[in-house]
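Thanks for coming, everyone. I'll walk through one structure today, going from sheets to helix to single residues. Here it is.

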Amino acid sequence: MPFLALRRVTACLAAAAAAVAVTTSASPASAIVGGSPVQASQHPWLAAVGTPLFFVRPAGQFCGGSLIRPDKLLTAAHCVSMFRSTPGLLKATFGRSDLVGRGGETVGVRAVRVHPKFRESTFKDETVLHHDLAVLTLARPVARPTVPLGTPGAERDGLALGWGMRSENDLLNTKLRGVRLPLPGDAACRRAYGGSYDAADMLCAGSEKADTCQFDSGGPLLARGRLVGVVSWGYGCGKAGYPGVFARVADLP
């Protein structure tokens, strides 16, 4: 599985899904480069999104999500589009700092709504994700705080959270981590990605020292305590000259 990619869910997920006759397509996902461990209790609205089919990861985790209403979880469309007809295969786990533990609260998913304009294109033979947002309706409301939505202003950095890999070669991390990502502005991503970057629905964040990576997709980018972006795609993890790309929550479906 190439890591010069957009933070892709491994082929194991598609194979396992196919084994139970789920109609699948290539499904990308992402992780934190740099940063340090944080406690899930600091972010009670944050969920690990997964499925028991993805047995190669504890809790079946392959993406992240943010609670925006008591029964609504915002994540990346590429994480869950394959489950639109089988939402019951998905689980959201809150309050678990380490995926190998058994703490926290796990809730099923009743419905998947993908942004109607979600589509894919390519950049250097890698997948580019447009309007990469989806809303999961949970099987029941949860008694947890929700995260407020916002738009980035004059901030120079934002906070990203995820259980993903700490580098392109790290397959073992299961602990929740957080990292401050520089917000270099749209021009930085236009220089890196040319016409593949669309500021209307994308947000630029990260550097070679601080980035998201494998199994972080769908997770949050926070500015001033508000959710402003969702981990979406990028060319490599912490690769010089290629910041990460986030879906703008202002583009919420």
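First, the naming: helices (H or I, at least four residues) and strands (E, at least two) are DSSP runs, numbered from the N terminus. With that, R224 sits in the loop between β15 and β16. I'll come back to R224 at the end.

Some ground rules. This is a predicted model, where local features need pLDDT of at least 70, side-chain atom pairs count only at pLDDT 80 or more, and totals for chains, interfaces and linings use all residues. Residues are numbered from 1 along each chain as its sequence is written, and side-chain values use heavy atoms, with hydrogens and water left out.

Let's do the sheets. Two strands count as paired if DSSP finds at least two bridges between them.

Which strands close into a barrel? Six of them do, in the order β3-β4-β5-β10-β7-β6, and the pairing is antiparallel. Averaged over this sheet and ignoring direction, neighbouring strands are turned by 40 degrees against each other. For angles, axes are lines fitted to C-alpha atoms, for helices over the stretch in contact, and values run from 0 to 180 degrees between N-to-C directions.

Strand β6, residues 91-94, pairs with β7, residues 105-114, in the antiparallel sense over four bridges. There, F94 has E105 of β7 as its bridge partner. On to β10, residues 134-138: five bridges join β10 to β7, again antiparallel.

Next, the open sheet. Seven strands make it up, in the order β2-β12-β11-β15-β16-β17-β13, with antiparallel pairing. Which strands sit at the edges? They are β2, residues 36-37, and β13, and each pairs on one side only. Inside the order, β11, residues 157-162, and β15, residues 220-223, pair in the antiparallel sense over two bridges. A160 stands opposite L221 in β15.

Now the helix, α3. The α3 helix lies across β13, β16 and β17, and runs at about 120 degrees to β17.

Burial comes next. Buried means under 20% relative accessible area, exposed over 50%, and partly exposed in between, with a 1.4 Å probe and protein chains only. In α3, residues 186-193, the buried residues are A188, C189, A192 and Y193. Seen down the helix axis, they fall within an arc of 105 degrees, so they line one face of α3. That arc is taken over the directions from the helix axis to the C-beta atoms. What do they pack against? The partners are β8 (119-123), β13 (202-205), β16 (226-233) and β17 (244-248). Contact here means heavy atoms within 4.5 Å. Just after α3, G194 takes a positive phi of about 60 degrees.

On to the rings. Rings of Phe, Tyr and Trp (its six-membered ring) pair if their centres lie within 6.5 Å; planes under 30 degrees apart count as stacked, over 60 as edge-to-face, and the rest as tilted. How many aromatic pairs does the structure hold? Nine. One of them joins Y193 and Y242: tilted, 5.7 Å centre to centre, with 50 degrees between the planes. Y193 lies in α3 and Y242 in the loop between β16 and β17, so the pair ties together parts that are 49 residues apart in sequence. Y193 counts as buried at 2% relative accessibility. Y242 is buried as well, at 16%. Ring pairs link both into a cluster with F123, W233 and Y235.

One polar spot. D211 is in strand β14, residues 211-213, and counts as buried at 0% relative accessibility. A polar atom of the D211 side chain lies 2.7 Å from the backbone nitrogen of G238. A polar contact is a pair of N or O atoms within 3.5 Å; within protein, one must be able to donate a hydrogen and the other to accept it, and residues adjacent in sequence count only if both atoms are side-chain atoms.

K124 has a positive phi, near 50 degrees, and is not a glycine. K124 sits in the loop between β8 and β9 (126-130), partly exposed at 45%. And R224, as promised: phi is positive, about 55 degrees, again without being a glycine. R224 is exposed, at 56% relative accessible area.
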